[in-house]
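Reader: Could we go through this model together? I should like to begin with its aromatic residues.

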Amino acid sequence: MQSVPVTTPEQLEVALAIRFEVFVDEQGVDPAAERDALDPDPRTFHALVVDDEGIPLATGRLLAPHTDVFHGEGAFGAMDPAVPHIGRVAVRKVARNTGAGTALMEELEAAALERHGAGGSVRVELSAQDQAMPFYEKLGYIPYGDAYLDEGISHHDAFKVVTGP
């Protein structure tokens, strides 16, 4: 299993297909709400996790500071628009509890540190479904703020200060 940055339109389509499988097909999220203008934005970093045969297992994205107007204007949650935001983390059902999610988060955190870090660290924030919060807490994320509904699913914001090696 390995994580790879998304660098081609074909890889982005694979990432979007995983998101639709998880969020739209499994969780009933409105398909119109799943894809947005930040997906093709050149400041957005997407990653995939693939197995040893190249089969895609997971995806997620890292939004650059000041690009996430949805969360940044306070409409949802309490996230700081000046810090990078990890989102759209989706692990296919067949890959859950295999380490794919952890590998994905490590890739996204490394990208945040490389692209937006200062002095060897960077604060990253995310909006997590409450059912996934134990996963994020194991990775060191600290929830904050009140719960809120996004697409009818209860979420909390969380943050982590990522440091270099």
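Reader: How many aromatic pairs does a search of the whole structure find?
Author: The search finds three aromatic pairs, where rings of Phe, Tyr and Trp (its six-membered ring) pair if their centres lie within 6.5 Å, and planes under 30 degrees apart count as stacked, over 60 as edge-to-face and the rest as tilted. One of them joins Phe-135 and Tyr-136 edge-to-face, at 5.1 Å centre to centre with 70° between the planes. Tyr-136 and Tyr-141 also form an edge-to-face pair, at 6.0 Å and 80°. Phe-135, Tyr-136 and Tyr-141 form one aromatic cluster.

Reader: What are the sources and conventions here?
Author: This is a predicted model, in which local features need pLDDT of at least 70 and side-chain atom pairs count only at pLDDT 80 or more, while totals for chains, interfaces and linings use all residues. Residues are numbered from 1 along each chain as its sequence is written, and side-chain values use heavy atoms, leaving out hydrogens and water.

Reader: Is Tyr-136 buried or exposed?
Author: Tyr-136 is buried, because its relative accessibility is 7% (buried means under 20% relative accessible area, exposed over 50%, partly exposed in between, with a 1.4 Å probe and protein chains only). Tyr-141 is buried too, at 2%, whereas Phe-135 is partly exposed at 28%.

Reader: Changing topic, which residues of H4 are buried?
Author: Among them are Leu-104, Met-105, Glu-107 and Leu-108. H4 covers residues 100-116; helices (H or I, at least four residues) are DSSP runs, numbered from the N terminus.

Terms used
Helix = DSSP H or I, 4+ residues; strand = E, 2+ residues; numbered from the N terminus. Expected span 1.5 Å × (residues − 1).
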